Amino acid sequence: MRAKTAILIVALVGLHLTLLLAGFVAPCDPGAQDRELPYAPPTRLHFVDASSWHLRPFVYRWNAGPDGYFEDKRQSFPVHFLTSGPAYKLLGIFEAKWHLFGVDEPARIALLGTDGFGRDEFSRVLSGGQISVAEGIAATLLALLAGTIFGIIAGYYGRLTDESVMGATELFLSLPWLYFLLGVRAFLPLHLSPARTFLLLTCVIGLIGWARPARLVRGIVLSARSRNYVLAARSFGGSDFYLMWRHILPEVLGLLLTQAALLVPRYIAAEVTLSFFGLGVNEPVASWGNMLSTLQQYSVLVSYAWLLAPAVALVVTSVIYSILADTLHSRLEFRST
Amino acid sequence: MSYLGRRVIRAAFLLVGVSILCFLFTEMAPGSFFDEMRLNPQISPETISSLRARYGLDQPLVVRYGRWLRSALHADFGYSIAYNAPVAPLLWSRAKNTLLLATTGMLLTWLISIPLGVWAAARSGRMLDKSVRVASSLLVSIPEVVIAVALLAIVVRWRVLPVGGMTSMDNEGLSQWARLQEIASRMLLPTIILTLGETAIIVRHLRASVLEVLDTPFVQAARGLGIGRTRLLFRHVLPVAASPAISLLGFSLAGLLSGSLLVEVICGWPGLGPLILDATLSRDFYLVIGGIMLSALFMVGGNLVADIMLLACDPRIRTGALDAR
Amino acid sequence: MKAIARLTLLVCLLAGVCMAAGPSPEKPNPGEELERAGQVSGHHGGNLTIGGRAEPKTLNPVIATDAVSREVIGRMMADLIDINRASQQTEPALAKSWKTSPDGRVFTLQLRKGIRFSDGHPFDADDVVFSFAVYMDENVDSPQRDLLIIDGKPLTVTKVDQYTVRFTLPRPYAAAERLFDGLAMLPKHLLEKSYRERKFVQAWSLNTAASEIAGLGPFRLKQYVPGQRVVLERNPYYWKVDSNNERLPYLDELTFLFVGSEDAQVMRFEAGETSMISRLSSDNYNLLARERDRTRAQLVDMGPSLEYNFLVFNQNDLSSKKLDAVAQKQQWFRELKFRQAISAAIDRDSIVRLVYGTRGAPLWGNVGPGNKQWVNTAIPHPQRSVDAARRLLKSAGFSWNQAGQLLDSSGKPVEFSIITSSSNTQRMKMATLIQDDLSHLGMQVHVVPLEFRAVIDRVFQSFDYEAAIMALGGGDADPNPEMNVWTTSGTSHLWHLHETEPASPWEREIDQLMQQQMITLDYGKRKQLYDRVQQLIAEHLPFIFLATPNVLAVANPRVGNFHPAVLDPYTLWNADELYIRTPMESAAAR
């Protein structure tokens, strides 16, 4: 248990730190196009050249040839660490120019290759992750918060409240959300700043997503409120709110953790659909959602495997969160028994 | 008023509410069916407005809703502008295919997840449990759209299965058995995609609640009394542990028509999904509203079944020994 | 000759080609006046499957509006005068010859004698008169009605005798013969009843039994499986024969499979379920080209298409308060030097390279190199120059601040958004490239993808947009279909809709030129007029033209007579001549 928790904590911290410091870790500006280098494969790191073995890795430039890209072995470019490069805003506030690693012009170091405009995929995955992970978590929190509140109220009070809240969830789940999204987009100003887009994404997903957790929570609450200790607490004069907070909520927590681990990746992927309606993150800003939508093209999917990076990043992130949820859940279980 | 009676009334209210909101939403969305014709320089705007008038698209919202409601009560759900055919038969012919796919998926899911979830919990901490947890964690983490596209690309690249449609061209010449085989082979990929996602979720939930129940005193007592393992698990533990999972079953039923939309579109299965998606994007709104009402009907029915099962499984809810004040 | 045909048939059977049990063609009888396709040869048999983007919505030629329906219907129907997609010239179809009056207003068409519909019923002038009555009926609201109205007056159709019909136009109309292309001739004996009962719009829906649908095209309806496919079978009475006097079409069956997006079509083609893809993007084309050695597929790049992609700025008269922000920016959009600067700064080479995978052509006018008949080659094609753009902006009163931002004469930073349809990946990519290009000028450009109909709504109705990337054209090579785009009162005059009077002298000149070329019958004179129109458009940039894709098509090696064309329908225009080769023939053809 100890070792596993340690690995988990390292993974979590590593993930979030990398994303927070995306501008520093990434060698390139995520929006910088290089029109001579579209769909270039990942830059290979070399340690051995004609003369000898080097400690510091180096790279060659990609040249476009008739059969694709080939390495231009005439000149090698060593990889520098803690070097200066394109300017960025650390944590969105501080202007900075230091990067973890980089190479001199005119070479490019693209650890995960480039996309259709020659932009560095690695930098885009990192900066995209900032937006997507934040949006996924925020939307999940919103949906679960609303869902829990309504679910607990419905399950606890029963009868009419239950009927009306459950009726509302059914209504929500049946509606044609695509039209609603179209209407919302038509109503909003043409251009939304990145902050507003983020807020919009979160609200829209959270607004649509509260219904399912609410139903699940209500199911648990219905069983939970008949437990002996709840009846006992009530007979001792506990108020409704106290009962809900102290006794019923912990029952629900397990479900919420499972749901959270499940919803975060889905909400990140939901951005793909939303961007179809114009409600997503717009070019040239990167997000995992809009990077994934380019993968819907079959030719891209099978020809340029490195563009699967955001999908892999998404899976890795969600696995980490999933394990986190599991660990928290088992901790809670041990505590309650 | 009986429980069933109340639910039916609630269902009726819901359907009316959904229809009203549908009309409102379609009004909000910009664009209409004939917009595509505006791009053609050879079609005059007079033709377009004349077409709009013929289908009543320029009438005020209330009038349109009133007419639709009146005809709906006579089981006439309007005309599809695109197909120039009545909505109900159009929907039903596709709904059959979707139901086939979704029901098979659901049965498969529950057939796999119940034993898997129970056994994993029973052998908690050991090989089976560990692999189930890892696999379900992984599957849960990958959004369905990613799984679907990945599997599709693999299947196509390596020609593993036929993809798309429900039958092939020579379908009529085959025997009954061969025909069924063919439908099954084309249904395999979408069913697998549906099952994978759902199974992972349900297994996790089930495993968690079975683990909880295994620790309770009455189970310990039963074990002490010498009741066999299998009988213990499936006869005593499962009904109790199942109660949160019943809600999930309700969801499966409720989402029978709408849940497979994504998979149908990606795999080319001729169900409601591609029809409704196409209709939504082209603003063929009587068809869209018809489809939504159908899904709403299923949802209400599914939830009703789920709630009844919940009551049946957990007598404590039934006895109402818990009315607040 | 018959023996050779039979022998070939046997060889095919031996070669294991699956023969679908379609109706065999009727032997040509001397009473029929058939069209002879002199260069065409092949052999009968086989089934061709082609993937479609969606389901057809109807089989009624008069009301069908979507592309898929029209593609299917087009194989079942025939018109009086056809535009040969390869040569782009008109050729006789159901009308074997015609005479034009000297003033170009009266057309007398001689119909072929002895021709029958696909159900065996004879075809004559009554069917023609009936068809045109339906097309022009205001209560039917056919989109094709507008084609038959010139200057607000409909053309008139009179029956002269059983096989002669006279058309009278209200005024002379250049290339009037081209009007007849695509106007399917309807069977009076099947449709008259529903027309009289005013139920024509419901006729020939997808649920109609195959026996109630008849046409003069190479194929007739066999079966419709909802959501999956439409199967057409050979029309045994088709009126064309090949060079060996064998009645066309060669194929026994033609199947349209509803596959979905282009990516899905590529997947099905690779899986061998479809034999042809009508139009491909360059990404998919290059993907299939890489496998060509293994699959032996026939990949054809027909060169630049006739469509043009462009960036348009909102120059409409805006009255609503809500659109104040847009109205303020219009002072930039209306400035010619602003548009010229943008055109100079756009990297068209990169668009062709990155968006079309080099399979495209840059455009500086509305007629591209693909339209060899009408393109004005004298129009300048300036290379990209950011310096020239900056000079133009400077001379128009723009300046730059310390941060490099572009400011207008009143000091406001130049910032605007470009909307485009989110479902079109090519135009989305163009928008991203242009956004980057214009940032070199200090302009802040936002790319706003919107759902397709939302874009149309903003561009045509609400005018709530600043700039948009759209595409037009591709229907026909002739300038007449473009009237509505370039004339002031035209309904596709996108940059300034609902204009009553020309807003500038050059628009007035274009109006006059377009009206003139519409009634000029001589090609040389028309070309001169249209050249001047193109020149004016290229000078005054109401649209900033970007690029055009090449027409790309692919078929599996067994498809014979595969000759894609630059005009729609790209691969099925000669569906009657397509045939399935034997394996020996495909090997020989390589």
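Visitor: Which residues of α9(C) meet which residues of α11(C)?
Guide: Lys337(C), Gln340(C), Ala341(C), Ala344(C) and Ala345(C) of α9(C) meet Val386(C), Ala388(C), Ala389(C), Leu392(C), Leu393(C) and Ser395(C) of α11(C). Contact here means that the C-beta atoms, placed from the backbone, lie within 7 Å. Helices (H or I, at least four residues) and strands (E, at least two) are DSSP runs, numbered from the N terminus.

Visitor: What should I know about the model and the labels?
Guide: This is a predicted model, in which local features need pLDDT of at least 70 and side-chain atom pairs count only at pLDDT 80 or more, while totals for chains, interfaces and linings use all residues. Residues are numbered from 1 along each chain as its sequence is written, and chains are lettered from A and ligands numbered from 1 in the order in which they are written.

Visitor: Back to those helices. At what angle do α9(C) and α11(C) pack?
Guide: Helix α9 (residues 336-345) and helix α11 (residues 386-395) of chain C pack at about 170°, with axes 8 Å apart. Axes are lines fitted to C-alpha atoms, for helices over the stretch in contact, and angles run from 0 to 180 degrees between N-to-C directions. α9(C) and α11(C) are therefore roughly antiparallel, a label for angles over 145 degrees.

Visitor: How many residues of each class are in that contact?
Guide: The contact of α9(C) with α11(C) has eight nonpolar, two polar and one charged residues. Ala, Val, Leu, Ile, Met, Phe, Trp, Tyr, Cys and Pro count as nonpolar, Asp, Glu, Lys and Arg as charged, and the others, Gly among them, as polar.

Visitor: New topic, sheets. In what order do the strands of the five-strand sheet in chain C come?
Guide: The order is β22-β21-β23-β17-β24 (chain C), in an open sheet with mixed pairing. Two strands pair if DSSP finds at least two bridges between them.

Visitor: Why do β22 and β24 of chain C have a side without a neighbour in the sheet?
Guide: β22 and β24 (543-545) of chain C stand at the edges with a single partner strand each, so one side of each has no neighbour in the sheet. On average, neighbouring strands of this sheet are turned by 35° against each other, direction ignored.

Visitor: How many bridges join β21(C) to β22(C)?
Guide: Seven, and the two strands run parallel. Val448(C) in β22(C) is the bridge partner of Ile419(C).

Visitor: Which helix packs on that sheet?
Guide: α13(C) does, touching β21, β22 and β23 of chain C, and its direction makes about 125° with that of β21(C). Helix α13 covers residues 452-462 of chain C, and its buried residues are Arg453(C), Ala454(C), Val455(C), Ile456(C), Asp457(C), Arg458(C) and Val459(C). A residue is buried if 20 or more other C-beta atoms lie within 10 Å of its own, exposed if 12 or fewer, and partly exposed in between.

Visitor: What do those buried residues of α13(C) pack against?
Guide: They pack against α5 (177-187) of chain A, α2 (35-38) of chain B, and β21 (415-421), β22 and β23 (467-473) of chain C. Phe463(C) follows α13(C) and has a positive phi, near 55°.

Visitor: And the four-strand sheet, what is its order?
Guide: β5-β6-β10-β9 (chain C), an open sheet with antiparallel pairing. Neighbouring strands of this sheet are turned by 25° against each other on average, direction ignored.

Visitor: What joins β9(C) to β10(C)?
Guide: A hairpin, through two residues. Five bridges also join β9 (residues 156-161) to β10 (residues 164-168), and Thr158(C) stands opposite Arg166(C).

Visitor: Let's go to the chains. How many residues are in contact between chain A and chain B?
Guide: 44 residues of chain A are in contact with 47 of chain B. On the chain A side, α9(A) gives the most, with nine residues. By class, that side has 26 nonpolar, 12 polar and six charged residues.

Visitor: And between chain C and chain A?
Guide: There, 23 residues of chain C are in contact with 22 of chain A. The chain C side has 10 nonpolar, eight polar and five charged residues.

Visitor: Last one: is Thr47(B) buried, exposed or partly exposed?
Guide: Thr47(B) counts as partly exposed because 19 C-beta neighbours lie inside 10 Å. Thr47(B) is in helix α3 (residues 45-54) of chain B. Leaving aside neighbours within four places in sequence, Thr47(B) is in contact with Asp141(C), Pro143(C), Arg145(C) and Asp146(C).

Key. Contact = placed C-beta atoms within 7 Å. Parallel < 35°, antiparallel > 145°, perpendicular 65-115°, else oblique.
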